[in-house]
Amino acid sequence: MQRTRTVIAIAWVLFWLLMITTSVQEYLRDHDHGVWKPILWESSSALTGTLLLLAQRHFTRRYDHLLHSPLRWFARQFVWLPVYWVAFVPMAFGMRHAVYALAGERYTHGDWASVYLYEDIKMTVFFCIFATITFGVLSFHAMLGEKLRVERANASLREAQLLRLSQQMQPHFLFNALNTISSLMYSDMQRADAMLVQLSDVLRATLDIGERHLVPLETELRILRGYAGLMAERFSDRVSIHWDIDDSLLSCDVPVMSMQPLLENIFKHTVEKRRQPCVITISAQRAGGDLLLRLEDDAGNVAANAGMGTPGIGLRNLRERLDALYGDRAAFALTALSPAGVRAEVRLPCAS
């Protein structure tokens, strides 16, 4: 609004400079001296008009809340039109008479009735133009203010949604990890103890994140490696995990725990349901200006991994967070591989 006021003030000054210049040029066609006179005529009009406009704006500012009802807003403005009719001529012509008198001359003009009629018609046109411009400027800023309020409300809503989703993932992850450890507690105490150590490292990493929704890929991989270590320990006889990470992408921001539910899906729908060895490949590569995260196995089924019929909390949560954080700029897909296997792929914007 302050910038708009400055622009309007500059435009107002330039307008009157143009009026003065035009008046001087016309005056010089028939006179060779006394150029101060046209400057006085236009300056007195400019000063009087400015004072009346400022007074009008000061006393009608209280009605800005009526902008959504233009007829009511304009009605409050037109109350001031008679003020212009009554006040303009005495103020402007009074200044002219005073300056002429100081210069030892007499300011002449037509009869007062003609002067009032002529000047009041000009003031009416001027007033209507000013009121329309004021309405347009105020309406524009009201629209911007409303847009800003909506954006802030949406940002707050998105922040609350993301916090809920992030908090949802953490206990879900912990529950699955503890389930894995409990399955070994009575059969292999040493392995269970080693897994508890790994779990403590993962939990320490998640606590370091706090309530952030985006973390560097390096931090995300730290959590993922911890989870992968837990699961690989549990299924050491039938799973191997390969990592293919482009180190130049480690500073790219990714949603917290965005890869863990994909890896969890592979273990849940592929590794746990078969006895044959399974190879899992985890990669992070650049694709143009995007970061491409891939987790794939050599034996999975797309329908099972997608959780058809009973969508898992992990994938549903991931889709919601991607939509809230990136909208159309991110993508998630599950693809069947040949001759067997499933690829889960997340595409994210990455500026680094």
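Trainee: Is the disulfide of Cys252 and Cys350 left-handed or right-handed?

Mentor: The torsion about its S-S bond is about -45 degrees, so the disulfide is left-handed. Keep in mind that this is a predicted model, where local features need pLDDT of at least 70, side-chain atom pairs count only at pLDDT 80 or more, and totals for chains, interfaces and linings use all residues. Residues are numbered from 1 along each chain as its sequence is written, and side-chain values use heavy atoms, with hydrogens and water left out.

Trainee: How many disulfides does the structure hold?

Mentor: The count is 1, where a disulfide is a pair of cysteine sulfur atoms within 2.5 Å. Cys252 and Cys350 have an S to S distance of 1.6 Å.

Trainee: Where do the two cysteines sit?

Mentor: Cys252 is in the loop between strand E2 (239–245) and strand E3 (253–255), and Cys350 is in the segment after strand E7 (342–349). The pair is 98 residues apart and links distant parts of the chain. Helices (H or I, at least four residues) and strands (E, at least two) are DSSP runs, numbered from the N terminus.

Trainee: Which residues does the cis peptide bond join?

Mentor: Ser338 and Pro339, with omega about 5 degrees. Pro339 lies in the loop between strand E6 (331–336) and E7. Most peptide bonds are trans.

Trainee: Changing topic, at what angle do H1 and H2 pack?

Mentor: Helix H1 (residues 2–30) and helix H2 (residues 36–60) pack at about 155 degrees, with axes 8 Å apart. Axes are lines fitted to C-alpha atoms, for helices over the stretch in contact, and angles run from 0 to 180 degrees between N-to-C directions. H1 is therefore roughly antiparallel to H2; angles over 145 degrees count as that, under 35 as roughly parallel, 65 to 115 as roughly perpendicular and the rest as oblique.

Trainee: Which residues make the contact?

Mentor: Among them are Trp12, Trp16 and Tyr27 of H1, and Trp41, Gly49 and Leu53 of H2. Contact means heavy atoms within 4.5 Å.

Trainee: And how are H7 and H8 arranged, parallel or antiparallel?

Mentor: Helix H7 (residues 217–234) packs on helix H8 (residues 260–271) at about 15 degrees, their axes 10 Å apart, and the two are therefore roughly parallel. The H7 side of the contact includes Leu224 and Tyr227, and the H8 side includes Leu263 and Phe267.

Trainee: What is the span at 123–144 made of?

Mentor: Residues 123–144 are 100% helix and 0% strand, with end C-alpha atoms 31 Å apart.
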